[in-house]
Amino acid sequence: MMKQDWWKKKVAYQIYPKSFQDSNGDGIGDLPGIISRLDYLKELGIDIIWISPIYQSPMVDQGYDISDYQSIDPCFGDMEDMRHLVDEVKKRDMYLLMDLVVNHCSDQHPWFQEAIRDPFGKYGNYFYIEKKSDKIPNNWRSQFGGSVWEPLPGHKDLYYLHTFAKEQPDLNWENPDLREEIYRMVNWWLDFGIDGFRIDAIMNIKKNIAWDNYPADRPDGLVSVSKMLKETTGIGEFLGELKRRCFEPHNALTVGEVFDPTGERTEEFIGEEGYFSTMFFFDPIVPFLHDGLETRLQTFDVKIWRDIIFRKQKQGFFANVIENHDQPRGASLLIPEGDYSFYSVSALGSINLLLRGLPFLYQGQEIGMTNTVFSSLDDFDDTAVGDQYKEAIDFGYTPEEAFAFVSRYGRDNARTPVQWTDGEQAGFTTGIPWQKVNPNYKEINVEAQEKEYGSILNFYRRLIAFRKSEQYGDLFAYGDMNAKYESEDTIFAFERSYNDQRILFLCNYSADKKKLELEEQGNVIFVNYPQTTFEGNAICLKPYEVVVLDLS
């Protein structure tokens with residue numbers, strides 16, 4: 001029987017603090033703004049809050065370039081605000097996760113500044129610094145484009161490694177002194193009172209330090225650094241030590257951002273003795289984001305998406321997401337163009353919340369926020385967009401097609417301010433927001449949906465309450481999941497079972513009506529339409545209709 005960890009009955013919510021709620025009119029969301037919305041989250045049914053980085057940072061990569069791990073960036077507040085947030089979260093019987101970013105730091109971090117001053121001293125060995133011969137050490141391409149190797153300032157014959165932006169030097173986990181610094185910092189935050197971490201880009205901490213070249217995968221002669229990461233072994237030594245030294249003693253909840261582990265390795269990462277409590281389940285999104293430009297430009301295919309989810313559900317208890325700060329909006333990526341409606345958005349949310357796993361909502365998902373509108377490349381803030389645009393051009397697409405590509409898949413789509421009202425700047429700020437508000441805020445906002453019983457927001461409240469209900473809470477938290485009606489291409493159906501309880505989830509994930517012959521009958525216990533239609537042993541499903549039947 002599945003281990004009944006406390007967090008498996010919970011629902012989590014990601015806050016991207018810069019865009020959540022501004023309290024002082026400077027156009028940037030902050031900690032007091034988050035505190036002011038805690039009651040809203042509690043009423044929604046949220047238990048666990050994950051806050052994207054709020055540490056001191058030059059903000060080259062929106063806080064994922066950290067210059068001081070034990071300070072709050074002034075744009076978000078200070079340590080007193082952080083203490084207040086921790087206390088207010090606990091007061092509401094909620095839990096707080098911070099973002100742990102330890103593959104890299106900022107080039108403004110004192111460690112790196114000391115490494116520049118003395119590349120062969122103590123802090124030089126906190127990073128990967130290599131001597132130049134007749135060329136750079138190898139042909140790896142960073143995640144944001146260009147070589148992973150950058151000249152070390154003031155040292156013409158030395159290079160340092162950066163998997164992401166050049167302002168984000170990678171930390172050398174092979175160095176035990178560096179690991180001790182990280183463990184000390186992690187334990188400091190857990191002692192401060194937070195409940196755990198979402199762990200960023202953690203698969204990147206283990207490198208092939210032979211610096212082997214690989215065949216180029218683009219006309220620039222470079223190869224994605226992810227090629228090396230997929231083929232490098234031995235990361236378990238680092239992750240096991242991190243767990244033993246930090247997470248285990250504090251009983252911390254840990255959610256890993258883990259790309260590319262094979263199914264056989266799932267147990268290693270999130271099994272009974274795994275490195276993390278759980279890890280994010282990105283597989284259903286990846287084919288439409290990362291498989292190659294040709295694939296990403298294709299129309300969304302519900303069968304591909306559904307079948308990937310069904311395969312992965314058999315492997316472990318994952319953290320389920322349909323969007324976050326690194327993806328476009330789920331309502332725009334996973335709902336076919338032209339099909340956006342209350343019913344399609346509620347269907348998508350129902351799948352996310354009722355599958356096996358820990359569901360994560362992303363801010364604004366609960367009101368159906370969508371991708372925004374971009375007029376030119378100047379509208380983008382995301383540092384990754386330049387390479388994505390260049391990639392499209394390299395593949396032979398016109399500038400117009402390349403712009404359409406980055407507009408649809410760019411991360412800035414998820415980083416526009418939360419749409420609280422239909423008033424000035426959507427109620428996010430009294431000033432000028434750091435990122436333009438999505439123009440559809442007049443139609444899509446919290447205030448309007450609070451007043452409408454049949455809104456997406458109120459549907460999410462009912463959905464979360466259903467998932468956590470006394471009658472079905474254990475089933476959704478601990479129950480098995482088995483796919484059903486897989487021969488029906490647009491039917492998303494599965495059975496959840498626990499002890500003597502069984503429910504059947506049915507969703508017609510398409511714009512066409514669908515008549516489905518049922519193998520067995522049950523009582524209707526949850527829907528997204530006001531009326532459910534049966535004809536004998538068949539159910540007549542309307543477009544994007546969700547029906548949950550109790551088969552017990």
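Residues are numbered from 1 along each chain as its sequence is written, and side-chain values use heavy atoms, with hydrogens and water left out. Because the model is predicted, local features need pLDDT of at least 70 and side-chain atom pairs count only at pLDDT 80 or more, whereas totals for chains, interfaces and linings use all residues.

In soluble globular proteins, nonpolar side chains tend to be buried together. A nonpolar core is a set of buried Ala, Val, Leu, Ile, Met, Phe, Trp, Tyr and Cys residues joined through side-chain atoms within 4.5 Å. Buried means under 20% relative accessible area, exposed means over 50%, and partly exposed lies in between (1.4 Å probe, protein chains only). The largest nonpolar core has 152 residues, and those with the most contacts inside it are M82, F197 and Y509. Helix 5 (residues 176-192) gives the most to this core, with eight residues. Helices (H or I, at least four residues) and strands (E, at least two) are DSSP runs, numbered from the N terminus.

A contact means heavy atoms within 4.5 Å. Not counting residues up to four places away in sequence, M82 touches L31, I54, I72, L96, M98, W189, F192 and I194.

Helix 12 (residues 342-354) has 13 residues, which at 1.5 Å a residue should span 18 Å; its end C-alpha atoms are 18 Å apart, which agrees. The expected span is 1.5 Å times one less than the number of residues. Eleven of the 13 residues of helix 12 are buried, so this helix is largely enclosed by the rest of the structure. Among these buried residues are S344, G349, N352 and L354.

## Residues in loops

Q419 lies in the loop between helix 14 (399-409) and helix 15 (446-451). With a relative accessibility of 0%, Q419 counts as buried. The residues that Q419 touches, not counting those up to four places away in sequence, include I367, M369, Y441 and V446. The C-alpha atoms of Q419 and I72 are separated by 25 Å, and the two residues are 347 residues apart along the chain.

D93 and W211 also lie in loops: D93 between helix 3 (79-91) and strand 5 (95-100), and W211 between strand 10 (196-199) and strand 11 (223-224). Each is a residue other than glycine with a positive phi, as stated for D93 and for W211.

| Residue | Phi | Relative accessibility |
|---|---|---|
| D93 | near 55° | 58%, exposed |
| W211 | near 55° | 10%, buried |

## Cavities and pockets

On a 1 Å grid over the protein atoms alone, a cavity is a set of points where a 1.4 Å probe fits but cannot get out, and a pocket is an open set with protein on both sides within 12 Å along at least five of seven lines; lining residues have an atom within 4 Å of a point. Grid points are joined across faces, edges and corners, and a volume is the space filled by probe spheres set on the points.

By this rule there are five cavities of 30 Å³ or more. The second largest cavity has a volume of about 60 Å³, and its lining includes Y16, K18, M59 and F76.

The second largest pocket has a volume of about 670 Å³. Of its 28 lining residues, K3, D5, G271, E272 and S277 are the closest to its centre.
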